[in-house]
Amino acid sequence: MSVAIEENLQQKLSEIINDLSAEKILQVINFADFLRQKNGSKKILEEKRNERIAGLHDGEGWISDDFNDYLGDEFWFGEDFGIIEKNNESAT
């Protein structure tokens, strides 16, 4: 934002505040402080969202020792579970 625009905004804000009662000025200050805090907390949340923590769930998952073992044709064709025999029996 240019310096001229900032000066113009500050002048307008000053004019508005001069016309307000002390109670209303306090409300304006509280609202401005709220906006400042909201802006700051938004930046903190964005930074934390991108932060990764190594080892956070260490030991909570596992993979079976036989995970990569060959399953065999019996598994893929259903012979382990009697599926082919049942299908053959119902076809006759």
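## Where to start

In which helix is the place of Val-28? Val-28 sits in helix 2. The model shown here is predicted.

Val-28 counts as partly exposed, because its relative accessibility is 33%. Ile-17 stands eleven residues away from Val-28 along the chain. The C-alpha atoms of these two residues are 8.5 Å apart.

## Overall fold

The chain has four helices. It has zero strands. Read along the sequence, the pattern is α-α-α-α.

The chain holds 92 residues, and 3% of them count as buried. Its accessible surface is about 9,200 Å². Carbon and sulfur atoms account for 55% of that surface.

## The salt bridge

How many salt bridges does the structure hold? There is one. It joins the side chains of Arg-36 and Asp-33. The distance from N to O is 2.8 Å. Side chains of opposite charge can pair when their charged atoms come close.

Both partners belong to helix 2, which covers residues 22-50. Arg-36 and Asp-33 are three residues apart, or about one turn of the helix. Is Arg-36 buried or exposed? Arg-36 counts as exposed, because its relative accessibility is 60% and the cut-off is over 50%. Asp-33 has 28% relative accessibility, so Asp-33 counts as partly exposed.

## A nonpolar patch

Which residues make the nonpolar surface patch? They are Leu-71, Phe-75, Trp-76 and Phe-77.

## Confidence in the model

The mean pLDDT of the chain is 79. Of its residues, 74% reach 70 or more.

Which element has the lowest mean pLDDT? Among the elements of the chain, that is helix 4, residues 83-91, with a mean of 58. Helix 1, residues 3-18, has the highest mean, 88. Where pLDDT is low, the predicted coordinates should not be read in detail.

Terms used
Residues numbered from 1 in each chain as written. Predicted model: local features only at pLDDT ≥ 70, side-chain atom pairs only at ≥ 80, totals over all residues. Heavy atoms only, no water. Salt bridge = Lys/Arg side-chain N within 4 Å of Asp/Glu carboxyl O. Helix = DSSP H or I, 4+ residues; strand = E, 2+ residues; numbered from the N terminus. Buried < 20%, exposed > 50% of the residue type's maximum accessible area, 1.4 Å probe, protein only. Patch = residues over 30% accessible without salt bridge, like charges linked within 9 Å, V, L, I, M, F, W, Y side chains within 5 Å. Areas by Shrake-Rupley, 256 points an atom, 1.4 Å probe, with all protein chains shown as cover. pLDDT = per-residue confidence, 0-100.
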